[in-house]
Amino acid sequence: LTDLSLELCGLRLAHPVLNGSGTFDAIAARRAFGDDLLARFPFSAFVSKTITPEPRAGNPPPRLYETPAGLINSIGLPNKGLDGFLIEDLPVLSDLPVPLIVSVMAPSGEGFAHLVEGLAGRDQVAAIELNVSCPNVKSGLIVGEQPSETAALLDSLRPLTTKPLIVKLSPNVADPAAIALAAEEAGADAVSLINTLRASARDPVTLEPWLGAGSGGLSGPAIKAVALEQVARVAGEVSLPLIGMGGIESGADALEFLVAGASAIAVGTASFRDPMAAARVHSELDRELRSRGIDALPGVERASTST
Amino acid sequence: VSERVLAPVGRRRCEVTANIASGGYRIFSALDEAGPPPRAGQFYMLTGERWGGAGGRPYLPRAFSVADAKPADGGVALDFLVEAVGPGTGALAALEPGEGLLITGPLGRPFSSPEEVVPGVAGAVLVGGGIGIAPLALLRRQLAASGVAQRVLLGFRDRRHSGGVEELFGCEEVRLASEDGHVGHRGYVTDLLSVLLAGDDAATAAVYACGPPAMLETVRELCAERRLGAELAMEAPMACGFGSCFGCAMPLASGGYMRLCVDGPVVRADEVETALVAGSGH
């Protein structure tokens, strides 16, 4: 394979293929596949499932609904909470051969600060991704859907750590670039996009909502065209590096996101179909670049000139 | 708890070697050239090469317990039992010999030995319903190979919703039930279990069950009332099969959820709050 290594907000990555948060559990996958998984780890950085200040059990089932070329999920962020993560999961995730990015979410600025402070002193944590697709309990507004809320959150978290802060953008807004700009001005190091699109399904017999929690988020190839447009829109407005994702299943898909302005890409739902889908995307991307005579990834240059 | 057999990392292509009708079901077979022999109760995530198509479904792989696994020339011959009820099962039921089948597995926690289910117990009672008879077929063979005495009870809804008994269980002594009475006892397979458990030798056997949620719930209740050790092979919709999607949440008796793909699909009957879980059995 060609050298596709890059620097992404200070992280040295062997290639531009990451995982989307919540789409790969390296600890559980190791139970199924053994240590071979580590030897053949398909991602250049591992993004954890979102952790919250307190443990969460997750949503009642059913949690999944298959759509044409897609999947609606309503998982509800089951996790062990910060303490459980630090004690039980972080030591195991340290075995991974790639940098660790920890995804966090809290219902308040104070909760986010608690999470960032808890991770700031941990050498095993290379970067922190802020999952802002949650309501602020005080304002009732979804943080990542409001430029002002996003900026206020970054303002409060930025002094707490020197680790890179990545903001995961929601696609459920009229102008994602406005949110990305607010994040950039308030000191974010990168943005990742897109999160799932809000979606629902009904039981074909009873016509009641199918998902236990009522509604969820759509992912998979069904959302790729939306993701590609949002990546291009945001890339045109901010100089931060972008991690692009949404329905990427092939090297050709990955190249489209990189050409649209992403510095790196993430494979998400495709990993459900094949745990090594990201390795295939990586090798196909390499082949695409070589067959097209593309020497450098546009986003890599972009990342290095903007910092 | 018995050790799971680990899966090779990633998805691999197998060739479909046969696909035969058996009653209202089909049994399709594939030659796995790269994987280890599975343990009974483990499952595979299956994707046909012609997945997708008009309507964009099926998109995700489908979880199938392995019904039989035998050493074969060049690998392990895997048998799966399927009833075409949706886009995924429909595509699998239509597989033709020579076609490719993409598999990930074996996955999940297998059945335990009777001794592990109930210390000091030597025999086994296998209770299967409908398409859920599949993992019990391999369990029966693996237990028989270790000389474990068994009773096998299988039940079906009606003639259209039945199959696999002759091919997967051979001519061993199997007691049957059907709701329409087309074969065996007219009624539920759990009626047969009830009678069996009322007998003297009930306490000397471990119970293993797989079938629709209502059947499993009755087995769970019957065993709980009598304080009998039992294992249930359960089903829940899952996208990945290896612990990543968190879709296959099964409520635990102790609160919270387990992920059926990595903490199951075989569970101790007293681990789960109920076998009646919304979305399971679909």
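In helix H5(A), the residues A:Glu149, A:Thr150, A:Ala151, A:Leu153, A:Leu154 and A:Leu157 are buried (under 20% relative accessible area with a 1.4 Å probe, protein chains only). The model is predicted, and local features need pLDDT of at least 70, while side-chain atom pairs count only at pLDDT 80 or more. Residues are numbered from 1 along each chain, chains are lettered from A, and side-chain values use heavy atoms, with hydrogens and water left out. Helices are DSSP runs of H or I with at least four residues, and strands are runs of E with at least two, numbered from the N terminus.

The buried residues of H5(A) pack against H4, S8, strand S9 (165-168) and H6 of chain A, contact being defined as heavy atoms within 4.5 Å. The axes of H5 (residues 147-157) and H6 (residues 176-185) of chain A come within 8 Å and cross at roughly 25 degrees, the axes being lines fitted to C-alpha atoms over the stretch in contact, with angles from 0 to 180 degrees between N-to-C directions. H5(A) and H6(A) are therefore roughly parallel to each other, a term for angles under 35 degrees. On the H5(A) side, A:Pro147, A:Thr150, A:Ala151 and A:Leu154 meet A:Ala178, A:Ile179, A:Ala182 and A:Ala183 of H6(A).

In H4(A), the buried residues are A:Gly111, A:Phe112, A:Ala113, A:Leu115, A:Val116 and A:Leu119, and the buried residues of this helix pack against helix H3 (81-93), strand S7 (100-104), strand S8 (125-131) and H5 of chain A.

Terms used. Angles under 35 degrees count as roughly parallel, over 145 as roughly antiparallel, 65 to 115 as roughly perpendicular and the rest as oblique. Buried means under 20% relative accessible area, exposed over 50%, partly exposed in between (1.4 Å probe, protein chains only).
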